[in-house]
Amino acid sequence: MPTHDLRAALAADEVRDVVAAACYAPEPGAPELGKVGLEAEAFPVRLTDGGAPAGRVPLTDSGAPGTLSVLGRLTPHTQTPGGVPLFALDAGTQVTCEPGGQVEVATAPWDTAAAALAALDRASMDVAHSYAMAGATLAAAGVDVWHPADSVTRQLETPRYSAMAAYLARRGPAGRTMMCHTASLQVNLCLGPPSTAGERWLVANLLAPLLVATFAASPVPGAVSGRGLLWRQLDPTRTGLPARSLSGSEDPVDQLAGLALSADVLLVRTRHGCRPGTPGRTFGDWLRAGGPAGWPTAEDLRYHLTTLFPEVRARGFLELRGVDALPRRWRAVPVVLLVGALYDARARQQIRGLLERHRATLSTLLDRAVVSGVADPAMCAQAVEAWSLALAGGRRLPVGYVRDQDLRTTETFLDHFTMRGRCPADELAERLADSPAAALAWAGDPIDTLTPL
């Protein structure tokens, strides 16, 4: 919490050290081939007898079982330190809830992509069966295209989410929609040793627009990635790509410290909870001039870092955030491509050579990715070449690191979508034009394809 004692306040020359320790501290001796962790979100949707959407499943019971009851069939829930319901499953996998009631299945970090995907599949199947027993399905898409945004209310009233909602509301309507109406698939990868980490960080950021374009799965008027569009509209001080990276800085800590100082303070923690910040007042402003609550401490900076949401989020590992939530049949594809691109040295160097000349225009490319995806001919050409290199990298990883079936699925996906200038949003839009039920069937996995509980 802030302090009025300047001796305990954060000094300007301490910012870099705090950021490095919290975000970017490669370890000498770390293996080149890192771990993989996955976080898959989806919308729980009630079904009519005909398979049409009948509203989102709320957190608590409301005439029918809510999420706490549905997931309680698997295991009793506890709470995270922030007050979010948490269901601990086998092998370190956890299920939590997002502000609008979206369900997130998060694996532990696994030594191989194969093990991480297997753990995610097992947990997701158990969760899907539990919802099916309650007459509901889990719909995986970047935006809930079945319900109007204003029909879904925030389900979690934690101090952090309440302050975040209040701050974002001062910026516009995108924040509320993002919190309650979007879902993603996050891929978490290791930084690696110091000799690898810098290039891995760079290539991850260079790939950010292609991730959005390739895996857009949230068609809305004017965009193939409605989720990506919301993030672009949300708060430019804390999203997108670090400005210092675009302007040529080669030091990841410098880039991240610059992002932290230039981002608005989203909330200030107090003894009584959280107070929303004021748009236009940056952490750098707070550091220089203090405020009614006092000056920030190192602890305040560390918490501020958790409120930054760039496309690639450094948290001691790399959290790649550009992928819209995908149905289970396609979920392995971004994982295979990212481990191939970032964990195989040859692919990483080749992709850097291909994309680094676009570094200064990555923000513009991200805008194009959100709107057009790989229907943009230049974006499509980049994606085909970069992902071909990444797939080759995935094939070179040690035997067993990637499942053969996932390599085949990735090849099928690229041929079916990317090489034809299409993304999952195109198929989802076509199914939605047929009927909401058809779109729900596309976004979920038929229960008869899942292993019973």
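The largest pocket of this predicted model has a volume of about 1400 Å³. Its lining comprises 50 residues, and those nearest the centre are Arg160, Tyr161, Phe309, Arg313 and Arg315. Helix H4, residues 159–169, gives the most to this lining, with four residues. By class, the lining of the largest pocket holds 26 nonpolar, 13 polar and eleven charged residues.

E1 has the largest share, four residues. The lining of the second largest pocket divides into 17 nonpolar, six polar and four charged residues.

The structure holds four cavities of 30 Å³ or more. The largest cavity has a volume of about 260 Å³. Of its 23 lining residues, Ala42, Ser124, Leu138, Arg331 and Asp445 are the closest to the centre. Five elements are listed as giving two or more residues to this lining: strand E1 (36–47), strand E6 (103–106), helix H3 (113–133), strand E7 (136–139) and strand E8 (184–189). In the lining of the largest cavity, 15 residues are nonpolar, four are polar and four are charged.

The second largest cavity contains about 90 Å³ of space. Its lining consists of Val212, Ser225, Arg227, Gly228, Trp231, Arg232, Phe309, Pro310, Glu311, Arg321, Gly322 and Asp324. Helix H8 (226–234), strand E12 (309–310) and strand E14 (318–324) each give two or more residues to it, and H8 has the largest share, with four residues. By class, four of the lining residues are nonpolar, three are polar and five are charged. Phe309 lines this cavity and is also among the residues nearest the centre of the largest pocket.

In soluble globular proteins, nonpolar side chains tend to be buried together. Here the largest nonpolar core has 103 residues, and Val36 and Leu207 have the most contacts inside it. Helix H13, residues 332–343, gives the most to this core, with ten residues. Leaving aside residues up to four places away in sequence, Val36 touches Ala108, Pro109, Trp110, Thr112, Ala113, Ala116, Asn188, Leu189, Val335, Val339, Tyr343 and Tyr401. A second, separate core has 20 residues, among them Ala163, Tyr167, Met178 and Cys180.

One backbone detail remains. Most residues other than glycine have a negative phi. Ala91, although not a glycine, has a positive phi of about 60°. Ala91 lies in the loop between strand E4 (85–88) and strand E5 (94–97). Is Ala91 buried, exposed or partly exposed? Its relative accessibility is 43%, so Ala91 counts as partly exposed, since that class covers values between the limits of under 20% for buried and over 50% for exposed.

Note on methods
Residues numbered from 1 in each chain as written. Predicted model: local features only at pLDDT ≥ 70, side-chain atom pairs only at ≥ 80, totals over all residues. Heavy atoms only, no water. Buried < 20%, exposed > 50% of the residue type's maximum accessible area, 1.4 Å probe, protein only. 1 Å grid on protein atoms, 1.4 Å probe; cavity = no way out; pocket = protein on both sides within 12 Å on 5 of 7 lines; lining within 4 Å. Points joined across faces, edges and corners; volume = space filled by probe spheres on them. Nonpolar A, V, L, I, M, F, W, Y, C, P; charged D, E, K, R; others polar. Core = buried A, V, L, I, M, F, W, Y, C linked by side-chain atoms within 4.5 Å. Contact = heavy atoms within 4.5 Å.
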